[in-house]
Amino acid sequence: MSDLLSVFEYQFFRNAVYASVLISIFAAMIGTYIVSRKIVFIGGGITHASFGGIGIAYYFGVNPFGGAAVFAIMTALGIEWIAQKGKVREDSAIAILWSLGMALGIIFVFMTPGYTPNLMTFLFGSILSVSTTDLYMLGGFGILVAIIFAVFFRPILYTAFDPEFARVMGVPVSTFRYMMSVLMALAIVISIRSIGIILVLSMFTIPQITAMLFTRNFARIIPLAAVWGISGSVTGLLLSYLLNIPSGASIIFFLTIQFLVIKLVFVLKKTFLQRKRK
Amino acid sequence: MNKPIVILENISTGYTAKPVLEGVSLSVHQNDFIGVLGPNGGGKTTLMKLILGLLKPFSGKISFPSGRPPTGYLPQVSQIDKSFPITVKELVSSGLKDINPWFPHPGISQRKALHRMLDEAGLAELASRPIGELSGGQLQKALLSRALINKPRLLILDEPNTHVDKQFERDLYNWLQELNKEMAILLVSHDIGTISPIVKTIACVNGNLHYHPSNQLSEEVLRVYNCPVDVIAHGPVPHRVLKSHDHDKD
């Protein structure tokens with residue numbers, strides 16, 4: 001036990017814990033919107049399309065996060081525009097942008113001369129190398145998301161639930177939908193460095209699905225998802241240290257185990273109560 | 001006849017270049033109760049979206065002589081995602097109009113109106129329940145409460161009798177008869193048999209619109225207006241629906 005606690009003496013591990021707490025908090029808000037609107041597939045499209053931006057940024061020698069952010073935002077806005085105009089099937093458009101982004105990323109990384117040392121960081125994440133500057137960025141973004149959700153909670157809820165009715169009521173539906181698309185894209189990109197492209201979406205879905213086992217109230221799902229996100233990611237981090245396995249994968253693995261255990265408890269409880277009634 | 005609250009004059013509209021509705025004219029007055037009937041794809045929902053301001057006319061004119069009236073809208077229940085995590089209270093309060101749409105946090109008077117509406121609809125005890133836990137009738141009641149909380153002068157209902165039991169349907173029609181004393185109602189349906197005893201007049205929509213100034217749709221009337229009716233086995237009870245037809249032959 002003391003071995004396990006001694007790991008907190010290391011600055012890099014403490015930073016990793018702070019990062020997972022901060023990501024869990026803003027992912028709880030954005031993820032609740034994603035899961036409630038059933039747009040997880042859009043999140044996947046944004047995440048993978050951002051790899052195109054990373055590849056192009058590598059090729060031109062500029063900050064890969066900038067490239068990822070531009071691609072993610074363009075993809076998110078593009079998907080929302082297609083969804084609103086209905087010119088192309090939304091799922092088809094997502095599939096095209098998803099694979100196009102990955103293809104561009106692979107082509108440009110291949111064309112980049114020399115070795116691309118941080119490529120694996122983007123694919124699988126590197127939460128143990130999070131710097132203090134990264135923490136400030138995560139914290140600042142978390143505060144921005146919290147303010148937006150506090151001020152605009154109702155229009156966000158109404159436009160997600162029944163956009164047509166919200167439009168009849170005079171709510172600027174398109175503005176809110178585009179704003180949420182940009183927030184979604186930024187949240188995903190900002191979390192990629194810690195969790196990686198391949199696994200990041202899990203932080204925006206698994207804690208929310210776990211929270212939804214307890215409540216079907218949008219406002220209550222958010223804090224519960226944050227709690228399950230924090231508990232799953234911190235435990236996953238500790239496990240990765242104990243078992244010497246990649247931290248991003250360990251976090252996602254533990255978030256899933258946590259969900260399955262809680263789900264099992266709910267199923268057993270329901271079965272027990274049904275038998276008791278008989 | 002009192003002053004109309006909505007006037008449609010020779011309107012064509014649709015979603016693409018090809019209009020769904022053409023040459024549509026209709027006036028809606030205070031205390032009208034119009035059944036909007038027609039086959040699937042005939043343009044009933046398009047007409048409703050036009051009046052709600054969700055669609056613009058390609059040609060023709062829509063006007064509101066006393067300004068756009070407060071309008072309540074009940075969508076088809078099939079459009080509602082029952083698994084969405086929203087409570088009855090949140091659902092009903094989304095119909096509150098007199099608040100800034102950018103920052104719609106209800107004030108004291110709005111909260112009072114919300115509680116009054118929940119009490120009137122018999123939903124007070126279900127206020128904190130997520131809509132996924134409601135029966136079909138309870139959900140329809142919550143959606144109707146959302147449409148009514150704004151005290152509308154015009155109420156538009158899209159197929160309100162789907163996914164509800166017969167008892168609720170009877171209660172709903174009694175409620176609508178009461179509401180009609182204070183507001184105009186447009187009731188969209190494909191089922192003539194069920195709604196013709198409830199409504200006062202009928203607008204038959206099938207690409208264009210033919211207004212029947214009574215709710216009596218006898219075979220004679222239907223023949224004169226060239227509105228053929230099919231009796232089809234749709235659901236557990238066979239009922240009468242308008243067959244796809246062309247008013248140009250009138």
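Which helix of chain A gives the largest share of the nonpolar patch? Helix α13 (residues 218-243) does, with three residues.

This is a predicted model, in which local features need pLDDT of at least 70, side-chain atom pairs count only at pLDDT 80 or more, and totals for chains, interfaces and linings use all residues. Residues are numbered from 1 along each chain as its sequence is written, chains are lettered from A, and side-chain values use heavy atoms, without hydrogens and water.

**View 1. A nonpolar surface patch on chain A.** Tyr10(A), Phe12(A), Leu128(A), Tyr241(A), Leu242(A), Leu243(A) and Ile245(A) make a patch of about 650 Å². Nonpolar side chains are joined within 5 Å, like charges within 9 Å. Areas are Shrake-Rupley values with a 1.4 Å probe.

**View 2. Leu128(A) in its loop.** The loop runs between α6 (119-124) and α7 (132-151) of chain A. Leu128(A) is partly exposed because its relative accessibility is 34% (buried is under 20%, exposed over 50%).

**View 3. An open three-stranded sheet in chain B.** The order is β2-β1-β4, with antiparallel pairing. Strands β2 (21-29) and β4 (59-63) of chain B are the edges. Twist averages 10° from one strand to the next. Pairing takes at least two DSSP bridges; β1 (residues 4-13) and β2 of chain B have six. Ile7(B) stands opposite Ser27(B).

**View 4. Helix α1 (residues 44-52) of chain B across the strands.** Helix α1(B) lies across β1, β2 and β4 of chain B, at about 125° to β1(B). Angles run from 0 to 180 degrees between N-to-C directions of axes fitted to C-alpha atoms. Helices are DSSP runs of at least four residues (H or I), strands of at least two (E).

Key. Patch = residues over 30% accessible without salt bridge, like charges linked within 9 Å, V, L, I, M, F, W, Y side chains within 5 Å. Salt bridge = Lys/Arg side-chain N within 4 Å of Asp/Glu carboxyl O. Buried < 20%, exposed > 50% of the residue type's maximum accessible area, 1.4 Å probe, protein only. Contact = heavy atoms within 4.5 Å.
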